[in-house]
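Please examine the sequence and the structure displayed below.

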Amino acid sequence: MHDATQDSMQEYFHALADHMQSLTHAGEITTAWLAAETSDFVRFNKSAVRQAMNIRQIALTLALIAGDRRIEVRSTLAGRLADDRATLAALLAQLRDDLPQVPVDPYLMIAREVQSGSQIAPNALPDPQQVIECVLAAGRGRDLVGFYAGGPVMRGFANSLGQRNWHESASFELGWSNYLRGDKAVKSSYAGTRWDDVTFADKARFAAEQLARLGDAPKALQPGTYRAYFTPTAMNEFLGALAWGGLGTKSQRTRQSTLMRLHDGESTLHPAVTLRERVAGGMAPGFQAEGYVKPAEVLLVEHGRPIATLTSPRSAREYGMESNAANAMEMPDSLVLDPGLLAQSDVLAALDTGLYISNLWYLNYSDRQACRLTGMTRFASFWVENGRIAAPLPVMRFDDTIYRILGSRLEALTRGQELVPDGDTYGERSTRSVRTPGALVGAFTLTL
Amino acid sequence: MTEQIERDFLAAAPAVDFCALRLVDETAENLTVRQDVPEAPKRSIDRGAMVTVIERGGLGYAATSDVSAAGLRDALDRARRYAQFTAGRSVADYGAIAMPRPAGRYATPVRDAAERLSLAERFELLMQVSRAAKIDARIVDWDASLWETRTRQLYLTADGARAEQDFAFMVPTISATAHADGETQSRSSAGRYNGFCQQGGLEVLDHARFRDDAPRVAHEALQLLAAPNCPSGRMDLLLMPDQMMLQIHESIGHPLELDRILGDERNFAGTSFVTPGMFGSYRYGSDLLDVTFDPTRTEQFASYAFDDDGSPAQREYIIRNGILERPLGGAVSQARAGMAGVANARACSWNRPPIDRMANLNVEPGRSTLQDMIASIELGVMMRTNASWSIDDSRNKFQFGCEYGQMIRNGKLAEVVRNPNYRGISATFWRSLAMVGDASTFEVMGTPYCGKGEPAQVIRVGHASPACRFGDIDVFGGAA
């Protein structure tokens, strides 16, 4: 027996998958997608612990396909194989009872080519108590608020054709903000697979130095256009907005893509802009929930011009195209913006006078057709004069289009990129990430 | 099975200052027909438990999808370790907080259970709605969906408190996208985020006019295609309930959540421009503004008898005659802040701990008819159905956009306009509230998608509101 609590999760999943396969009738295909994690979450406020918890969860999405009909159920499992085999059998029986009531799906696609694989990163995470001690020490005498998330995350796929895929990694992400007063704060992060007290202490010291700058009188800004530099953290917000309905086939074919004017040839992005979905170097599994294995790379935009869109198996069938194994939402998991030529050490000089924007917040489209976004500056952002940081900025609202920010007004991308993990923990810890350089923009519109 | 879990928990609960179990058992089905093609049904069964331990002033939580006796014992051990380790390192002495000891039952009144329709009949209903949306060749995408959820919750404390609640949620949605001559416009029945959601059974579909609404949705998408952009300038703004719900949510609900005011959310969701000293005296809006926290309106999406820390829920005024009265904070936040609040410590599921959420937050009806409000406007715009929302981390500087606008000129509704947006500052916006619609304009709405917290939680909220008129607002449209 391979209970999840006693043996490896992979062995437990394979035992469940074998049971599913044995229960599958002739003419049927069954698939299973497993999402499991054991997570420690610790919240800090006022340099003390607010909430600390350990979460163990296992969920299996079981799908039954027969006669061009498909039905699925996602169910939590206990992690005890004997009980979970019985649960799986009951779920499958219920799906089998209900499948005849499901209409035929003309866009159903089934991964029939068996492509198994396994990727397991060793677990070298710290004891959360060690992290708590470090964070509380860094916050002593300060107003620190933050969040630690760490632990192993597992994703698995299996089908009754014999395919088995496994992805297991153990990582942590600590995000914390040192507050000076009101909304004046420096946000920092430390993410990885192996905790190092010295690295964290260095990051904490750098954040404290930045915080000191926020004590200066802020620069009063009027609405208008300004030169601006966006750090990779801020760029991640722009790219995250584009990922939301801008890069998928369905949104493009139904004329709803926020990059429709790019696809139609009415607008272009800057020649320095090359966007890719690249599994290697990201944090997401190399396979998706229906069992399709992702290509190493999908080139989405090259030198400012559209090349491809993310195509799920369903869209591939619907629109008569090749799938590139995108997820059902056709959102990137491992988006990469290629680097440019601007050296990090030259950023302030190249900006000369304008906005140094560390973080953006709450982006949304104010005009989807025009790919126009609104949002806020947040955390430590600064006014730069003659290549030197001169004063902190108050939070400001912007409203501008991607065709200007990454198009006509883009001046340079930095030579260095940063991997920005997606810290989302809605329901489960995200495995998405973005790798991006910083960007220098000649004119950026503030509105309020 | 629940009885066995109850016995196992009580047998395993350690001798500590406080120990509680919250068991959640939720089943859901989501059906969609897009472009008259049914998609595969998506069902879910989500069962798990969270245990809470308070010991020597420390607080620890642990959650598990293994609700066997062994699973619960393991969770209790993990929660206790965190409680012990965080003792003396926490924002408060949790042992000094009087945690509620609830007793009772609650169930959503369901008049017409969804199970009355077979799966095939539910698909047939969706197919009829979908077909009715395809009224023109320019409708290039359309869909109809039904999302039904049943949730059973059991809350126990080791010293004998017990609350059992059964909820039924129904979320119908219709959307249509029109395209012609390089322009695309989308319209939905009540927003991309399901404004017509309510508790109940198939009767919710009647409230949403679900069976008959698709032609209206598609027709308005076509109207928007031909419409000019909303003009820019300062003018009166008439917000209908399906935009009022977003306005209430972002610029009253979130800033009044007590955990934000206490700073818990500053690393992620943000802080608040509201400070503890404002309660009891701060003028939040004009004297026409009455806002209630109301968990007692049974059809509303976030009604309940007890919150997830066990506090009994009751209706409270949050803002009365424009003056701020009390924050949205549950038992723990109330104790930390030394203020009275409401029963709104809520968790999205068994795998997340309770935090302060707004639940049902409503603007009470006033005395104006819709016709009176329109007639009173010389130049203005009526906006329906939220499409875009963004607000700063203090919940002050906002910019919101709607799917559908209609100009008001000289007291009469005039041309339809597309991409209507407006911006403002929460602290002054509500003081420009000039007229509040009467009960005939009042709608009970909500959304399943309010996000907040670390770890993140997306939770159901309800917002009921009349139409409201605001004076002298900064309005603008899309790019030319």
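How many bridges join strand S3 of chain A to S3(B)? Four bridges join strand S3 (residues 69-76) of chain A to S3(B), and the two strands run parallel. Here strands (E, at least two residues) and helices (H or I, at least four residues) are DSSP runs numbered from the N terminus, and two strands pair if DSSP finds at least two bridges between them. Within S3(B), Lys42(B) is the bridge partner of Glu72(A).

This is a predicted model, in which local features need pLDDT of at least 70 and side-chain atom pairs count only at pLDDT 80 or more, while totals for chains, interfaces and linings use all residues. Residues are numbered from 1 along each chain as its sequence is written, and chains are lettered from A and ligands numbered from 1 in the order in which they are written.

The contact between the chains takes 73 residues from chain A and 68 residues from chain B; two residues are in contact if their C-beta atoms, placed from the backbone, lie within 7 Å. On the side of chain B that touches chain A, the largest share, seven residues, comes from strand S3 (residues 42-55) of chain B.

Chain A itself is divided into domain 1 (9-213) and domain 2 (224-446), with bounds from an automatic or database domain assignment. The centres of these two domains of chain A, taken over C-alpha atoms, are separated by 25 Å. Their contact takes 32 residues from domain 1 of chain A and 26 residues from domain 2 of chain A. On the side of domain 1 of chain A that touches domain 2 of chain A, S6(A) gives the most, with six residues.
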